[in-house]
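Please set the sequence and the three-dimensional view side by side before reading on. The report below goes through the chain by region.

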Amino acid sequence: MTLRNRVSERLMRAWWAPQPTLLAQLLRPLSWLYRGLFRLTQSRAKPEPLPVPVIVVGNLIVGGAGKTPTVIALVRALRAAGWHPGVISRGYGRHSDAPQVVNADAPASAVGDEPALIARATAAPTWVGRRRAETARRLCAAHAQVDVIVSDDGLQHAALARQLDVLVFDERGIGNGLLLPAGPLREPMWRTLTPNASVLYNAAAPSTALPGLLIAR
């Protein structure tokens, strides 16, 4: 095992421990710096209105908690209800930050694993790009039939105006409850839900104090 892998393994154990470990406590000052930078970035962001409603499916934690299957299920449900959804995503792992359409035969290396999977599973117009508002506008311009956008991730992307946030948790909840890099949280834990937010638990029981819907397994 490489040094990088050993460090990553220790960090994961610290993040998902029920209580902060010694390693997490040592990293806590960096999490305070992260909190300050996060709040500064959020306060400076100016949400950009879009021509169609936006639903953001995201996580408060690093890594997956069932977000991609939730996006796929939501797109299918919207289509069944008579909507014409499109999907936007960051497209992690690709070589470019510019907005780009995800074709059905696009390799994951060019558009990202999750967007490629979503596009193939739903056949919905799917675009990737670092700036999600710009990506959403490009999608709407290219696909006039789209009347709602589902954002795969982007919960912390304050510049993306949205009508609904869907927070997805799995059985791990928020781990040790600390912000990066001392814990797995990408933003401070919500104390209450906003009127335009919902929680889905991809677990057999709720894993945080927030009220939400259990997704049966």
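Pro 53 sits in the loop that runs between α2 (22–44) and β1 (54–58), where helices (H or I, at least four residues) and strands (E, at least two) are DSSP runs numbered from the N terminus. The model is a predicted one, in which local features need pLDDT of at least 70 and side-chain atom pairs count only at pLDDT 80 or more, while totals for chains, interfaces and linings use all residues. Residues are numbered from 1 along each chain as its sequence is written, and side-chain values use heavy atoms, with hydrogens and water left out.

With a relative accessible area of 33%, Pro 53 is partly exposed; buried means under 20% relative accessible area, exposed means over 50%, and partly exposed lies in between (1.4 Å probe, protein chains only). When neighbours within four places in sequence are left aside, Pro 53 is in contact with Asp 147, Val 148, Ile 149 and Gln 163, contact meaning heavy atoms within 4.5 Å. From Pro 53 to His 143 there are 90 residues in sequence and 15 Å in space, C-alpha to C-alpha.

## Packing of α3 against α5

Helix α3 (residues 67–80) packs with helix α5 (residues 113–122) at an angle of about 30°, and their axes are 10 Å apart. Axes here are lines fitted to C-alpha atoms, for helices over the stretch in contact, and angles run from 0 to 180 degrees between N-to-C directions. The two helices α3 and α5 are therefore roughly parallel to each other, since angles under 35 degrees count as roughly parallel, over 145 as roughly antiparallel, 65 to 115 as roughly perpendicular and the rest as oblique.

On the α3 side, Lys 67, Thr 68, Val 71, Ile 72, Val 75, Arg 76 and Arg 79 take part, and they meet Glu 114, Leu 117, Ile 118, Ala 121 and Thr 122 of α5. Sorted by class, this contact of α3 with α5 has six nonpolar, two polar and four charged residues, where Ala, Val, Leu, Ile, Met, Phe, Trp, Tyr, Cys and Pro count as nonpolar, Asp, Glu, Lys and Arg as charged, and the others, Gly among them, as polar.

## Nonpolar cores

The largest nonpolar core has 41 residues, and those with the most contacts inside it are Leu 60, Val 71, Ile 149, Leu 160, Leu 167, Phe 169 and Leu 210; such a core is a set of buried Ala, Val, Leu, Ile, Met, Phe, Trp, Tyr and Cys residues joined through side-chain atoms within 4.5 Å. At least two residues of this core come from each of β1, α3, β2 (85–89), α6 (132–142), β5 (148–152), β6 (164–170) and β7 (197–202). Apart from this core lies another, of seven residues, among them Leu 27, Leu 178, Leu 180 and Ala 182.

Leu 180 is also joined to Pro 181 by a cis peptide bond, with omega about -5°, and Pro 181 lies in the loop between β6 and β7.

## Backbone features in two loops

Ala 123, in the loop between α5 and β4 (126–128), has a phi near 60°, a positive value in a residue other than glycine. Asp 153, in the loop between β5 and β6, has a positive phi of about 75° although it is not a glycine. Is each residue buried or exposed? Ala 123 counts as exposed at 65% relative accessibility, whereas Asp 153 counts as buried at 6%.
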